Amino acid sequence: MAQTLTGQSRMDEKRKHPRAEVNEPAYISSGGSVMPCVVVNISPEGAAIEVDNPAYVPHRFRLVMADDASVIYECQVIWTKKTRVGLSFVATA
């Protein structure tokens with residue numbers, strides 16, 4: 001049976017994949033409304049975005065990258081801290 005590495009850094013860091021620091025404009029799309037945001041970091045499983053007012057961010061939405069509108073992520077909000085919102089990407093069936 002193979003062992004996996006579960007060092008202390010794993011205890012501090014809950015993400016399975018490291019996030020790449022980016023600064024890319026994007027849009028939150030939900031129910032016909034669109035709100036601008038900035039993706040500050042991203043990984044295969046989630047992202048963190050900056051918004052003007054997180055109170056207007058729905059719990060589930062589509063994240064559309066401004067530079068390439070064909071790049072769309074189904075997201076759900078995991079946490080909010082001031083103007084930063086943590087997202088988890090949701091698999092679509």
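**Figure 1. Ala 66 in the loop between E4 and E5.** In this predicted model, Ala 66 sits in the loop that lies between E4 and E5. Its relative accessible area is 32%, so Ala 66 counts as partly exposed. Ala 66 and Ala 26 are 40 residues apart in sequence, yet their C-alpha atoms are 4.5 Å apart in space. Leaving out residues up to four places away in sequence, Ala 66 touches Pro 25, Ala 26 and Tyr 27.

**Figure 2. The fold of the protein chain.** One helix and six strands make up the secondary structure elements of the protein chain. Along the sequence they follow the pattern α-β-β-β-β-β-β. The chain has 93 residues, of which 29% count as buried. Of the contacts between residues at least 6 apart in sequence, 42% join residues at least 24 apart. The chain exposes about 6,700 Å², and carbon and sulfur atoms supply 52% of this area.

**Figure 3. The largest nonpolar core.** The largest nonpolar core holds 18 residues. Those that touch the most other members are Ile 28, Val 39, Ile 49, Val 51, Phe 61, Leu 63 and Leu 87. Two or more residues of this core come from each of strand E1 (20-30), strand E2 (33-42), strand E3 (46-50), strand E4 (60-65), strand E5 (72-81) and strand E6 (84-89). E2 gives the largest share, four residues.

**Figure 4. Surroundings of Val 51.** Val 51 is one of the core residues that touch the most other members. Apart from its neighbours within four places in sequence, Val 51 is in contact with Ile 28, Met 35, Pro 36, Cys 37, Val 57, Thr 83 and Val 85. Among these partners, Ile 28 also belongs to the group of core residues that touch the most other members.

**Figure 5. The cysteines Cys 37 and Cys 75.** The count of disulfides is zero. The cysteine sulfur closest to that of Cys 37 is in Cys 75, at 8.8 Å, and this is too far for a bond, because a disulfide requires the sulfur atoms to lie within 2.5 Å. Cys 75 is likewise in no disulfide, with the sulfur of Cys 37 as the nearest cysteine sulfur. Cys 37 has a relative accessible area of 6% and is buried. Cys 75, with a relative accessible area of 1%, is buried. Cys 37 is also among the contacts of Val 51.

**Figure 6. The aromatic pair Tyr 73 and Phe 89.** One aromatic pair is found in the whole structure. The ring centres of Tyr 73 and Phe 89 are 4.3 Å apart and the ring planes are at 10°, so the pair is stacked. Because Tyr 73 lies in strand E5 and Phe 89 in strand E6, the pair ties together parts that are 16 residues apart in sequence. Tyr 73 is partly exposed, at 25% relative accessibility, whereas Phe 89 is buried, with a relative accessible area of 16%.

**Figure 7. Asn 41 and its polar contact.** Asn 41 is located in strand E2. With a relative accessible area of 7%, Asn 41 is buried. The side chains of Asn 41 and Arg 19 make a polar contact at 3.3 Å. Not counting residues up to four places away in sequence, Asn 41 touches Arg 19, Ala 20, Glu 21, Val 22, Ala 47 and Ala 48.

Technical notes:
Residues numbered from 1 in each chain as written. Predicted model: local features only at pLDDT ≥ 70, side-chain atom pairs only at ≥ 80, totals over all residues. Heavy atoms only, no water. Buried < 20%, exposed > 50% of the residue type's maximum accessible area, 1.4 Å probe, protein only. Contact = heavy atoms within 4.5 Å. Areas by Shrake-Rupley, 256 points an atom, 1.4 Å probe, with all protein chains shown as cover. Core = buried A, V, L, I, M, F, W, Y, C linked by side-chain atoms within 4.5 Å. Phe/Tyr/Trp six-rings, centres within 6.5 Å; stacked < 30°, edge-to-face > 60°. Polar contact = N/O pair within 3.5 Å; in protein donor to acceptor, adjacent residues only side chain to side chain.
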